[in-house]
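Please look through the sequence and the model shown here. The report below goes through selected parts of the fold in turn.

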Amino acid sequence: MMHWEVPQLALAVYNDLTRKKEPFEPIEKGKVRFYVCGPTVYDYFHIGNARPFVLFDVFRRYLESSSYEVKFVQNFTDIDDKMIKRANEMGITVAQLADQFIAAYYEDADALGIKRATVNPRATHEIDEIIKIVSRLIEKGHAYEVNGDVYFDVPSFPEYGKLSKQSIDDLQSGARIEIDERKKNPLDFALWKSSKPGEPFWDSPWGKGRPGWHIECSAMSTKYLGESIDIHGGGSDLIFPHHENEIAQSECASGKQFVKYWLHNAYLLIDSEKMSKSLGNFMTVHDIKEKYNPLVVRFFLLSAHYRSPINFSKEGLDQAQSALERITNCCSDLSFALDNRADGPADGIIEKAIAGYEAAYKEAMDDDFNTAGALGSIFEAVKAVNVYLTEHQNVDKQGLKAARSFFDRVNAVFGFFAADDKSGGEDAEIEALIAERNGARKAKNFKRSDEIRDELAARGIIIEDTPQGTRWKKQL
């Protein structure tokens, strides 16, 4: 049998800092430091948030499958103006609001098949680190304090704008910036905000207050990944000002390059329009998963290249469901054939085909994490397996094992379906009902046989009688 080995990674990624595709070479050989901006936990996260969460989960998994040791950090912003407003509306503390929606995040992210981060730091738990970095920026002349507020001095960092490719002069003339006479420069942004009545606060060298938004990510990234990291990801809406400000404050504090590769995903549209509450097309994953299998949503979000916009619609989800069912049905057919069909000659037909599709899959993923291209190779493999199983009664089980192994490796990266495990309580119950149905059919008790089929159908279980026995699968 041909044994699959992980080839030497030849990954290239599009770096938004340089605006070109570059070979991926981590700072430390064999290790990847990966930071992704997480949610502000004042509500359920929406489908637009879900896109980067799912995409970067897959990128992380692919790196891990390629023998990298990945430390993956995704933060929770658990203090800001929106959170204070929402907590006041609900009559609870900001901390209680954060706890509630962090738990909700995990519930929805788990449903989408998103692996837990190595670390999920919370901004309010990292106040000491934030104060340390702000103090260092003041000492180095890159920040200044005014009546308990601390601002970053943007002109003190001449490279400001290098990520968004805008000069300081252009930004000053074109950006919408809140006028504050206490600032030295309109572009200067808050690192620390003095407390207002009724707001949560922490003690600092500048008085009671709370951190600004941008400094949180610099502090958490530095604490858990070091002063220089390999990959920083997020939505394209974060390039300016959030990620631009992260670069400025981090590099001024450390004197080192903050991030080697910046990766940003494009927008998600709802029925070809930008999502907004005013248009009534604002969708949370919490609501969507009541209507669709969350793994169908996951598949949909991976069906386009991450740097291309994607249009979220009922038609798109229906297509994703059909496509995902093709993959899961193929895997089910493979397992059934391995367990129930007669072993034929080792003809090498399917094994050779799978090796070619696997090479194409890897080539696509190595080309800037091209999930859409990788899916094309996966579906070619599905087609080859389906044709083989249709044309061969006695099968080359060695080849089928190679095919199933390929789909298992793909699933470890894409996370399309749960492991093929019939040992769970529900599955054991289904197996028992099918055995009872088979017994009823043998005894010509067709009424009971039909009752069991209808009961299983109502639970989303499809059964199929074949020459090799009865098989079943769950609808998505």
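Two strands pair if DSSP finds at least two bridges between them. Helices (H or I, at least four residues) and strands (E, at least two) are DSSP runs, numbered from the N terminus.

This is a predicted model, in which local features need pLDDT of at least 70 and side-chain atom pairs count only at pLDDT 80 or more, while totals for chains, interfaces and linings use all residues. Residues are numbered from 1 along each chain as its sequence is written, and side-chain values use heavy atoms, with hydrogens and water left out.

## Confidence

pLDDT is the predictor's confidence in each residue, from 0 to 100. The protein chain has a mean pLDDT of 91, and 93% of its residues reach 70 or more. In residues 1–7 the pLDDT is below 50, and this stretch has 12 contacts in the model beyond near neighbours in sequence. Contact means heavy atoms within 4.5 Å. The pLDDT is also below 50 over residues 420–424, a stretch with seven contacts in the model beyond near neighbours in sequence. Where pLDDT is low, the predicted coordinates should not be read in detail.

## The three-stranded sheet

Three strands form an open sheet in the order E12-E11-E13, and their pairing is mixed. E12 and strand E13 (310–312) are the edge strands, and each pairs on one side only. Two bridges link E11 and E12 in the antiparallel sense. Opposite leucine 269 stands lysine 274 in E12.

The loop between strand E11 (268–270) and strand E12 (273–274) holds aspartate 271. Aspartate 271 is not a glycine, yet its phi is positive, near 50°. Another loop, between strand E1 (12–15) and strand E2 (20–23), holds arginine 19. Arginine 19 also has a positive phi without being a glycine, at about 60°.

| Residue | Relative accessible area | Class |
|---|---|---|
| Arginine 19 | 40% | partly exposed |
| Aspartate 271 | 47% | partly exposed |
| Glutamate 129 | 13% | buried |
| Serine 254 | 17% | buried |

A second open sheet has four strands in the order E5-E6-E7-E8, with antiparallel pairing. Strand E5 (143–146) and strand E8 (209–211) are at the edges with a single partner strand each, so one side of each has no neighbour in the sheet. From one strand to the next, the twist averages 20°. E5 and strand E6 (residues 149–152) run antiparallel and are joined by four bridges. Within this pair, glutamate 145 has valine 150 in E6 as its bridge partner.

Helix H4 lies across E5, E6, strand E7 (189–194) and E8, and runs at about 120° to E7. Axes are lines fitted to C-alpha atoms, for helices over the stretch in contact, and angles run from 0 to 180 degrees between N-to-C directions. Glutamate 129 belongs to helix H4 (residues 127–139). Leaving out residues up to four places away in sequence, glutamate 129 touches Ala219, Thr222 and Lys223.

## Helix H7

Proline 241 is part of helix H7 (residues 239–254). The peptide bond joining phenylalanine 240 and proline 241 is cis, with omega about 5°.

Serine 254 is also placed in helix H7. What is serine 254 in contact with, leaving aside its neighbours within four places in sequence? The contacts of serine 254 are with Lys140 and Glu227. Aspartate 169 is 85 residues from serine 254 along the chain, and the C-alpha atoms of the two are separated by 25 Å.

## Helices H11 and H12

Two packed helices are described by the angle between their axes and the distance between the axes. Helix H11 (residues 349–366) and helix H12 (residues 371–391) have axes that come within 7 Å and cross at roughly 170°. H11 and H12 are therefore roughly antiparallel to each other. Angles under 35 degrees count as roughly parallel, over 145 as roughly antiparallel, 65 to 115 as roughly perpendicular and the rest as oblique.

Among the residues in this contact are Ile350, Tyr357 and Met365 of H11, and Gly373, Glu380 and Tyr388 of H12. By class, the contact of H11 with H12 has 14 nonpolar, three polar and one charged residues. Here Ala, Val, Leu, Ile, Met, Phe, Trp, Tyr, Cys and Pro count as nonpolar, Asp, Glu, Lys and Arg as charged, and the others, Gly among them, as polar.

Definitions and conventions. Buried means under 20% relative accessible area, exposed over 50%, partly exposed in between (1.4 Å probe, protein chains only).
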